[in-house]
Amino acid sequence: MEKNRPIGIFDSGVGGLTVAKAIAELLPAESFIYFGDTRHAPYGDKASHTIREYSQRISRFLVAQNCKAIVIACNSASAAAYEQLCADFPNIPIINVIDPAVKYIAQSEASKVGIIATRATVRSKVYAQRISAANQNLTVVQKATPLLAPLIEEGFAGTDVSKGALAHYLNHSSLKKLSDLILGCTHYPLLEEEIAAYLGPKVRVLNSAKLAAQALQGVLASQDLLSTSVDAGKRRFYVSEKTPAFTKIAKMFFGQEIRLEEKFLKS
């Protein structure tokens, strides 16, 4: 059935599994296909045109798998490739992880919003521009935190290494007196508790993965595409290159053992 086709989800590596987990929890009847581009991870330091090329390649694969929607579970790809993918695949709903967070923060009682993200996302200014366009009364500051994604990919979350990196980044003067902090990379929810502890209870830390899952639910409902299956959805997980680190950390991100299939995508 049309409604019971899978959802396509992709990221540069393991981070997008936080989005996949949020989708699985919110929409348990939905099936999905996840693709982690571990061969080219991380995307954060790559040029925009390179990120678009990778994103197009993965999206073509997901469309060929008969996916009914695509979720860009990567902030760098959401910033660099979202508009291109919408043009490439006009008949498929595409959800990025940036717009749901922007919409949420613009309608909240925030005053000073901080964004931590990869260099590519910060360089694009996509969060700052979209938040300011939605609510001109908010102060928006950005901080590139390029070490965090590879640090997580290598299994150092929750260690002295991650604590030191967070202290280095979050102690920056621009991030003082925040009301809210957006985790502008889908890897970062794995550090959410550490970040919240460092910033203290007065700063609200926003998990973009959960907001993206809620946005997907709304889009599927509006287009009458929510699964009607009475069974739990089927999930398939692909990576462009299997690595021991991915296999180990994938369980941490998704919360359970998953079977990874290696799939090399030709250009």
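Is Pro6 buried or exposed? In this predicted model, Pro6 is buried, with a relative accessible area of 15%, where buried means under 20% relative accessible area, exposed means over 50%, and partly exposed lies in between, computed with a 1.4 Å probe on protein chains only.

Residues are numbered from 1 along each chain as its sequence is written. Because the model is predicted, local features need pLDDT of at least 70 and side-chain atom pairs count only at pLDDT 80 or more, while totals for chains, interfaces and linings use all residues, and side-chain values use heavy atoms, with hydrogens and water left out.

Pro6 lies in the segment before strand S1 (7-11); strands here are DSSP runs (E) of at least two residues and helices are runs (H or I) of at least four, numbered from the N terminus. Its C-alpha atom is 7.2 Å from that of Asn66, a residue 60 residues away along the chain. Beyond its neighbours within four places in sequence, Pro6 is in contact (heavy atoms within 4.5 Å) with Ser31, Phe32, Ile33, Gln65, Asn66, Cys67, Lys68 and Ala69.

Leaving aside neighbours within four places in sequence, Ser78 is in contact with Ile72, Asn96, Val97 and Ile98.

| Side chain | Backbone nitrogen | Distance |
|---|---|---|
| Ser78 | Val97 | 3.3 Å |
| Asn207 (oxygen) | Ala209 | within 2.9 Å |

The contact of Asn207 is at the start of helix H10. The buried residues of H10 are Ser208, Ala209, Leu211, Ala212, Ala213, Leu216 and Leu220. Just after H10, Asp224 takes a positive phi of about 55°.

Elsewhere, the axes of helix H4 (residues 99-106) and helix H6 (residues 126-134) come within 9 Å and cross at roughly 40°, the axes being lines fitted to C-alpha atoms over the stretch in contact, with angles from 0 to 180 degrees between N-to-C directions. The contact is made by Asp99, Ala101, Val102, Ile105 and Ala106 of H4 together with Tyr127, Arg130, Ile131 and Ala134 of H6.

Definitions and conventions: A polar contact is a pair of N or O atoms within 3.5 Å; within protein, one must be able to donate a hydrogen and the other to accept it, and residues adjacent in sequence count only if both atoms are side-chain atoms.
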